[in-house]
Amino acid sequence: MNTVEEWKREKHPLDVIDDVYEYAEEELSFDEIEERAGEGVWERMKWTGMYTHGRQRGYLMMRTKVPGGYLTPEQAKVIGEVADEFATAPEEYGGSEQNELWGDAFLDITTRQDVQTHWIEIEDVPEVWERYDDVGLTTIQGCGDGARNVLGCPAAGLDDHECFDAQPVIDAVSEFFTGNREYGNLPRKFKMTITGCRQDCAQSQINDVGLVPARKDIAGEPHYGFHVRVGGGLSDGPRMGSELDVFVRPEDAVEFCRAVAQTFKELGDRHNRGVCRMRYLVQQMGPDGFEQAVRDRCSVDLRSRGRDLTEGYTGDHVGVHDQREDGLQYVGFNVITGRMGGDEFVEAARAAREYGTEETSIRLATDQNFLISHIPEENVSSLLAEPFAADYQPDPGPFSRGAVGCTGSEFCNYGIIETKNRVKRWARELDERIETPDDLEVVRMHMSGCSASCAQPQIADIGFRGETVQLDTDGDGDPDDIVEGMDFGLGGSLGPDNDFLDWVETAVPADAVIPALEELFAAYGEEHEDGERFYEWTRRVDNDRLRTVMQGAEAPVSKGVAADD
């Protein structure tokens, strides 16, 4: 079998765009596509923004890029219509009842401000692309070894926390890399985030490149621009980004990001996909060595650092917030695990137009929620009374507010456990069963169906990654049942006190998790200090004690072992 790099050398991955039109016109089956194009076809298909479904052969997941999470109401309407019309399961897979909680024709907002739809058939792709072209949307390089969707603050241009609006920079960087053959075949995926917000809600610490607001006096005049963090990432070998001694002017941001991509392209490891992410290159070269390599490849003068303006980390924008403009507000809607009906997204777009202004937009957030901007204060109550908003109100319980889930085994090739349904049920059950302190507005509970960290469990108060677990159900000392389970981690966060969580317990049967959380929050309620967040308490308490507290639950967590142990 050829390696991914061999497939990429045989044919430039972006050439598969033309192939998709051919496959669609001829209505080829997956078997016929493989016979014509070879075994590397599905790897190349990722450059079009599509993955094959894990367990439903013949169907695709399509990922729509939304730079900075910014959508016009018209763009949101088209995305919702595409989901409603094309993201539909065939009867053999359950049809309109294929998912017991969401039914059919839904879309998923992701932690990278993308939108994913499922059950897409190859013959429908050209029509979807035509509709997207009409409103300025694309799926190209939503996946694959190139520049992915560029993240930003979902409240760009709206919030008082902002030093300057970085959305124009996001758009320029995204436009440069999308479809750019020179940088369309990198050693691995390349993730960038750009923000002018003091609260770093765009998560610069866990991206390959993070541009955050800064100020520097040049010739006696203050100039706003960016400081830079590089080499952050999650999955196996998580790493917080390293700061470089550079100040990047907004007008130089495209060239700077190009120079970083050039450095990665030339020096990144193309032989071992397990260590070919840019964070390993930064770690190998050291931040100073990597910075010099970027300077050597950059055509603009990179000044040294100025004054950093980042103050903290805001994990979400749920709720009703005042905008800078008098009389206007933006409303952050809580979408548990990011999944909602395509028809509901269409209605959100319609309501945005009806109750907003000419500048109203829909913004996707990195916590899988969305907000609607530029709503006159007198229209907010009408917006919240809309039928689409009934399940996404901006005042959720702390567990619902912080719930994030990846695609999971429902559709993903790598998913070990089901995630979306489980996280939604758990979040609502925990909000009902667990009493939290009044000042604890959010408990970030993130579940990834495998070790790939798409749900970002390492930065959550409570993080899970999927496992299959062997249980001794008859008590004879020999494992005799395999169930879905997970590794159980505590204490992650971003911001000034950033740290990855500790995997406190491994191979926990899924049925044991809620009882264990009840025990943990009972102890937290009795022992936490005033104003102490849950993740802060779990860091202060010894892991052995946390395990003891968890194992006091009705369903002990100590009975499981990973099925492959």
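This is a predicted model: local features need pLDDT of at least 70, side-chain atom pairs count only at pLDDT 80 or more; totals for chains, interfaces and linings use all residues.
Student: With the strands pointing away from the viewer, a crossover is right-handed if the path from the first strand over the helix to the second runs clockwise. Which hand does the β-α-β unit of β16, α13 and β17 have?

Tutor: That unit is left-handed. Helices (H or I, at least four residues) and strands (E, at least two) are DSSP runs, numbered from the N terminus. Here β16 covers residues 403–405, α13 covers 420–433 and β17 covers 445–448.

Student: OK, how many bridges join β16 to β17?

Tutor: There are 3, and the strands run parallel. Two strands pair if DSSP finds at least two bridges between them.

Student: Which way do the β17 side chains point?

Tutor: Met445 and Met447 go one way, His446 and Ser448 the other. In a regular strand, side chains alternate between the two faces of the sheet. Both β17 pairs are buried (under 20% relative accessible area; exposed is over 50%, partly exposed in between, 1.4 Å probe, protein chains only).

Student: New topic. What is the strand order in the sheet that has β3 and β11 at its edges?

Tutor: β3-β14-β15-β12-β11, an open, antiparallel sheet of 5 strands. β3 (70–71) and β11 (319–322) each have a single partner strand, so one side of each lacks a neighbour in the sheet. β3 pairs with β14 (residues 362–364) over 2 bridges, and Tyr70 sits opposite Arg363 in β14.

Student: What about the sheet with β1?

Tutor: It is open too, with 5 strands in the order β1-β2-β5-β4-β13 and antiparallel pairing. Its edge strands are β1 (50–52) and β13 (339–341), each pairing on one side only. β1 and β2 (residues 60–64) share 3 bridges, with Thr52 opposite Leu60.

Student: Which helices lie on it?

Tutor: Helix α6 (residues 125–135) lies across β1, β2 and β5 (115–120), at about 10° to β2. α10 touches β4 (106–109) and β13, making about 80° with β13. Axes are lines fitted to C-alpha atoms, for helices over the stretch in contact (heavy atoms within 4.5 Å), and angles run from 0 to 180 degrees between N-to-C directions.

Student: How do α5 and α10 cross?

Tutor: The axes of α5 (residues 73–86) and α10 (residues 342–355) come within 7 Å and cross at roughly 160°. The contact includes Pro73, Ile79 and Ala83 of α5, along with Phe345, Val346 and Ala349 of α10.

Student: Last one: where is Asp200, and what is its phi?

Tutor: Asp200 is in the loop between β6 (192–194) and β7 (209–218). Its phi is positive, about 50°, although Asp200 is not a glycine. Ala219, in the loop between β7 and β8 (221–230), also isn't a glycine but has a positive phi of about 55°.

Student: Buried or exposed, those two?

Tutor: Asp200 is buried at 3% relative accessible area, whereas Ala219 is exposed at 79%.

Methods: Residues are numbered from 1 along each chain as its sequence is written. Side-chain values use heavy atoms; hydrogens and water are left out.
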